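Biologist: Please take a close look at a single part of this chain. Start from what the record annotates, then go down to one helix and its surroundings.

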Amino acid sequence: MLQSRLAFIGGGNMAEAILGGLLACGYPLSQCVVTEPLQARCEFLHSKYPGLQVLSGPQANHLAVNGSESDSHTADLVNNGAVHINPAAASESFPPAEVVILAVKPQVLRGVVSDLGETLYQRQPLVISIAAGIETSAIARFMAEGAMSASEETSTPVQIKNEDLPAVIRVMPNTPALVNEGATGLYATSDATPAQRLVAESLLGAVSKQVSWVDQESLIDTVTGISGSGPAYFFLMMEAMEDAAVKLGMDRETAKELTIQTCLGAAKMAQSSSDDLKTLRVKVTSPQGTTDAAIKTFEKGGFRELVAESVKAADSRSKSLAVELCGPGKDSKL
Ligand SMILES: O=C(O)[C@@H]1CCC=N1
């Protein structure tokens, strides 16, 4: 795998899943820096990944993206508001990030990207966003807002055009990435080069068994509806099956273990078989048998329609989240 210098902006679960997966594949720890505002989380990351650069404080994101040309420069920045959690690395110089992974909640993305706008504009890293709902055009707009407001404070303000901004690739991984079983959808704007697409694909591929590109950005909302939110649907189904067995007299532990293994077994069969999903279902279902009785009950209760409605609700929520957080006119150019 290519070993670009990576800056994770935000050190939550998904950032850790991607980082952990990369390290497990042999990605050098020294090529990674993570910024994280919560002290307790910083300390957790520092103790779990000894030697990892973990930065906190108001200048942390800038330092992570800009790098530091000299030891004294790092020390200056650290003294001026970037708290280095790993004291041993606090005075080391390090290169600018070639890839910036925006791994913050959608609700704070605008502030973070605007604040980093000028730095991203100057450095031109590949920007990868894992924030649900927020469109690449909005991310470009936030970068431009930040870069232009910084330039207005100088004697030579610049007008920034879309094509001057770094390429953005939007991805939607899911939480099974935490156990290296992720499914990820990716969308790249036309500015992203084939090499940048390859970088995004290999980074996410470190924790995903399935990595799929979509060619329209709105399909990332559908990826969210299927695989981003999907683990929760299967947890709900498993909860309901466990509860049903308990109601019929089984102890909860046995019900849970049988349910989980059944889910896992069905997924493995679906993955390894050349049969389609319908054929696999029909093969379990003897006419007039037990499965037939259950499936007829599901169908009578409108199971398929309910699933379709639920996936559509997640897809729509992903789209409305964008409008709530970024305002209307999300496709507008600068
Ligand atoms: O529920 C959410 O908003 C996020 C996006 C995909 C999974 N969780």
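Modeller: The unreviewed UniProt entry annotates residues 217–321 as "domain: Pyrroline-5-carboxylate reductase dimerisation". UniProt positions follow the numbering used here, feature names are shortened, and annotations may be inferred rather than shown by experiment. The model is predicted: local features need pLDDT of at least 70, side-chain atom pairs count only at pLDDT 80 or more, and totals for chains, interfaces and linings use all residues. Numbering runs from 1 along each chain as its sequence is written, and side-chain values use heavy atoms, with hydrogens and water left out.

Residues 217–321 are 84% helix and 0% strand. Their end C-alpha atoms lie 15 Å apart. Helices (H or I, at least four residues) and strands (E, at least two) are DSSP runs, numbered from the N terminus.

Now helix α8, residues 218–228. Its buried residues are Ile220, Asp221, Val223, Thr224, Gly225 and Ser227. Buried means under 20% relative accessible area (1.4 Å probe, protein chains only). An α-helix has 3.6 residues a turn, so residues three or four places apart point the same way.

Of its 334 residues, 43% are buried. Contact means heavy atoms within 4.5 Å. Among contacts between residues at least 6 apart in sequence, 70% join residues at least 24 apart. The C-alpha atoms fill a box of roughly 80 × 45 × 35 Å, taken along the principal axes.

Key: Buried means under 20% relative accessible area, exposed over 50%, partly exposed in between (1.4 Å probe, protein chains only).
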